[in-house]
Amino acid sequence: MRAWLPLAGLAVALVVGTAIDRPVEPVARTMGGYHVLAGDFHVHVFPFGWSPLSVRETLLEATRQGLDVVAITPHVQTWQAGVAQWLAPRMSRSPIVLKGEEVTTPGFHVLAIGVDGTISDRLPLGETLDAIHRRGGIAIAAHPYRAVWDHYDSASLRKLDGSEVVRPEAQYMEQGAAELREFHVRTPLTAFGNSDYHGFGLIGFSRTYVFATERTARGVMDAIRAGRTVVYDRDRAYGDPALIALADANGGLPRAMPQVPEPGWLRTFSRLCAVASIAILVLFNQWNNGAR
Amino acid sequence: MSPQQGGFFVAIRRPLVITAALGCLASLGSTGIVTARLAGPAVVYWTYAPLTELLAVGLVLMVTRRGPQRLSAAVDAHFAGCAAVILLLLLIGVMLGSTRPDLAWALLTTAGVAMVLAGLAWSARIDYCYFRDFLRQTPRGALVRVLLLRIFVWPIVFGVFAVPGLTFRAMGDEFAGIVRELLG
């Protein structure tokens, strides 16, 4: 098969895909004197992060999904988050970026948000939480399902600032959702809904609404420290009850889960056309040069 | 492949196609469509994967008797065998980008693992046949070259994608983590 045929198919898929790739319109929400910011505080990027998308494309995706703030949280590194903080103000549209890290150990994973350097992954939980606080950050239990509960003793729980109470997979698994909920209520913790984005699926699929006094990184950190977050999981709401009531009184905040895959025949066409073209290109292409 | 066919373009055309495919996969996996906003930049930084393979193949072929085959033609023939890995990535990318989050994880840790193992075995078989049949190597010589390629390429490609720090210790930690995840 001649190379131009599948290449033309790929070009068609690209043109159609680009044409239908519309971002969510930005919405500036204010309630009760607060800026209500949609955030995702668990985001990984390429390289070294099990994600095919680099910092720039990840920030573009966050903007496209209507996020106002993201925390870039590489595994046991922070330099990618530093790049994101440098890049964000230079982009035409970008969410606020917080520097973060997912401290990844065999026993537990903790998100360090707003830290000024990398936290070692060789410390016990209590010392990890202390190190995060010494570096100016807040500590969030990442995916605290039942399997890791043994690592969270009462002393560690007291040092913890927040926990992921809603995650994308748990929004479809009642058992998982119940475990996250049970962990969250063991001690007063700030509620987070994070997507644990690895470049696949939708960033902000689960999201956290932050009630900040100013639309800045400092404003977001202050709001989190004060526990001013609201998170939705279908008909449930987590976080500050006064803010949940405030949101309800002001028409509510978006809580519907996005459809996966996103609907539309043009999207389906673009996807199938791209897949078929790549498969044909790598399997059957002979380059029309007499080869083989 | 005709031994008379050669030249720089012949050597890089399939790596270029693979690079384009990887960029498209990055976009497909994230949005379910191929969009210039994501695929364009991803093509640029995913060049590291075929480039690593290209360097490794070039080195191995330079110390391999190729008979009448030109280096560029031999490189081209080698990259024709990368279809297995590209198709594998294509399936996984579309699966992750077009499936509900809970199903995506369940699929990745079951069918995904099976697909990865099958793809790796298929890819190794193709490379072995390439060295045996196309370059007329002995069975031992072909096996050594297949192993050399993997020892050189895989740690770099996988490491840059997934391993923080790219150290041997981090690599070990990452594999231990994968095993723990799969065993539940």
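**Stop 1: two domains in chain A**

Colour chain A by domain: domain 1 and domain 2 of chain A bury about 660 Å² between them, with 45% of that on carbon and sulfur atoms; buried area is the accessible area (1.4 Å probe) that two parts lose on being put together, summed over both. In domain 1 of chain A, pick out Val24(A), Pro261(A) and Glu262(A), which lose the most area to domain 2 of chain A, together 61% of what that side buries.

Before going on, a word on the ground rules. This is a predicted model, where local features need pLDDT of at least 70, side-chain atom pairs count only at pLDDT 80 or more, and totals for chains, interfaces and linings use all residues. Residues are numbered from 1 along each chain as its sequence is written, chains are lettered from A and ligands numbered from 1 in the order in which they are written, and side-chain values use heavy atoms, leaving out hydrogens and water.

Show the side chains of Arg64(A) and Glu262(A): they meet in a salt bridge, 3.7 Å from N to O.

**Stop 2: where chain A meets chain B**

Now bring chain B into view. Here 53 residues of chain A are in contact with 53 residues of chain B, and the area buried between the two chains is about 4,700 Å², of which carbon and sulfur atoms give 66%. How many salt bridges are there between chain A and chain B? The count is 3. Zoom in on Glu61(A) and Arg37(B), whose side chains meet in a salt bridge of 2.7 Å, N to O.

Next, select helices H1 (4-19), H2 (55-64) and H9 (265-284) of chain A: each supplies at least two residues of the side that touches chain B. Helices here are DSSP runs (H or I, at least four residues), strands are too (E, at least two), and both are numbered from the N terminus. Which helix gives the most to that side of chain A? H9(A) does, with 10 residues. The residues of the side of chain A that touches chain B divide into 29 nonpolar, 12 polar and 12 charged.

**Stop 3: loops in chain A**

Go to the loop between strand S2 (34-43) and H2 of chain A, where you'll find Pro47(A). The peptide bond from Phe46(A) to Pro47(A) is cis, with omega near 0 degrees. Trp50(A) also lies between S2 and H2, and its phi is near 55 degrees, a positive value in a residue other than glycine.

Jump to Pro261(A), in the loop between helix H8 (241-249) and H9 of chain A. A cis peptide bond joins Val260(A) and Pro261(A), with omega about -5 degrees.

Then select Asp196(A) and Arg167(A), which form a salt bridge with the closest N and O atoms 3.1 Å apart. The pair links distant parts of the chain, 29 residues apart: Asp196(A) is in the loop between strands S8 (190-193) and S9 (208-212), and Arg167(A) in the loop between strand S7 (162-166) and helix H6 (174-184).

**Last stop: colour by confidence**

Switch to pLDDT colouring, the predictor's confidence in each residue from 0 to 100. Chain A has a mean pLDDT of 93, and chain B averages 90. Look at residues 288-292 of chain A, where pLDDT stays under 50. For the complex, the predictor gives an ipTM of 0.91 and a pTM of 0.94.

Conventions
Contact = heavy atoms within 4.5 Å. Salt bridge = Lys/Arg side-chain N within 4 Å of Asp/Glu carboxyl O. Nonpolar A, V, L, I, M, F, W, Y, C, P; charged D, E, K, R; others polar.
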